[in-house]
Amino acid sequence: MRKELLRGEQVIVITRQQPRMLFGPVLAFILVPAAAAFACAWIVKGGPGKLLPVITSDWTQWLVIACLVIVAIVLLGYSLPRFIRWRGIRYILTSGRIVARFGMLRRGDWQVPLAAVRGVGIKQSLLQRILRSGNISLDTGHPGEAVLADVPEVGKFRSFIMDAMAELPTSVGFGSGADGDFDNYPDAALPWDMREGGRDER
């Protein structure tokens with residue numbers, strides 16, 4: 001992100017979505033291999049043959065392979081894609097923009113200049129309120145809203161946005177000047193503890 005900052009722009013906070021979406025994939029990552037290991041041990045000891053005499057020892061190898069295939073399907077088809085999807089989403093707040101990035105292999109992003117934001121709203125479900133996360137909607141005056149979904153510590157993140165908006169110089173707009181820089185910011189007036197790199201609250 002540092003390479004893509006405009007002149008005089010600073011990163012305030014970088015975060016990802018609330019990791020509650022990983023509960024199922026992590027649970028599957030732990031339980032499925034454990035269950036498969038138990039099943040393989042049971043198969044090797046001749047358990048299937050005791051239940052169904054038609055299943056002979058010739059089936060052992062194929063039943064073990066079937067267990068391993070099921071584990072691979074669950075981990076590679078369910079747990080890994082959801083982890084990659086979560087890992088690939090980042091919300092970045094700078095002194096001049098809000099940037100949302102999506103994907104690791106196939107990248108996409110959108111960004112909103114703070115100068116264009118008219119209002120910042122929060123919507124929370126009951127579970128999000130318990131986990132202190134929520135959806136942040138940015139009103140830019142255009143049809144539709146830019147939404148940051150499932151932001152952790154949503155109240156704190158919104159306060160960072162409001163602080164950054166309050167610190168915008170009244171004489172500067174996003175992308176003003178030939179280089180679209182933010183040199184009009186008085187560094188001493190910035191409210192953040194780490195001006196060079198900003199805070200990273202993951």
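Reply: A salt bridge is taken here as a side-chain nitrogen of Lys or Arg within 4 Å of a carboxyl oxygen of Asp or Glu. The model is predicted, so local features need pLDDT of at least 70 and side-chain atom pairs count only at pLDDT 80 or more, while totals for chains, interfaces and linings use all residues. Residues are numbered from 1 along each chain as its sequence is written, and side-chain values use heavy atoms, with hydrogens and water left out.

On that basis the structure holds three salt bridges. One of them joins Arg-20 to Asp-150, with 3.1 Å between the closest N and O atoms. Arg-20 sits in the loop between β1 and α1 (23-44) and Asp-150 in strand β7 (residues 146-152), so this pair ties together parts that are 130 residues apart in sequence. Helices (H or I, at least four residues) and strands (E, at least two) are DSSP runs, numbered from the N terminus.

Burial is judged by relative accessible area: under 20% is buried, over 50% is exposed, and values in between are partly exposed (1.4 Å probe, protein chains only). Arg-20, at 34%, is therefore partly exposed, whereas Asp-150, at 7%, is buried.

A salt bridge also forms between Arg-97 and Glu-9, whose closest N and O atoms are 2.9 Å apart. This pair links distant parts of the chain, with Arg-97 in strand β3 (residues 97-102) and Glu-9 in the segment before β1 (11-15), 88 residues apart. Both Arg-97 and Glu-9 are buried.

The remaining pair is Glu-153 and Arg-132, whose side chains meet at 3.2 Å, N to O. Glu-153 belongs to the loop between β7 and α5 (154-166), and Arg-132 to the loop between α4 (126-131) and β6 (133-139); the two are 21 residues apart. Glu-153 has 29% relative accessibility and so counts as partly exposed, while Arg-132, at 52%, counts as exposed.

Of its 202 residues, 37% count as buried. Where contact means heavy atoms within 4.5 Å, 58% of the contacts between residues at least 6 apart in sequence join residues at least 24 apart.
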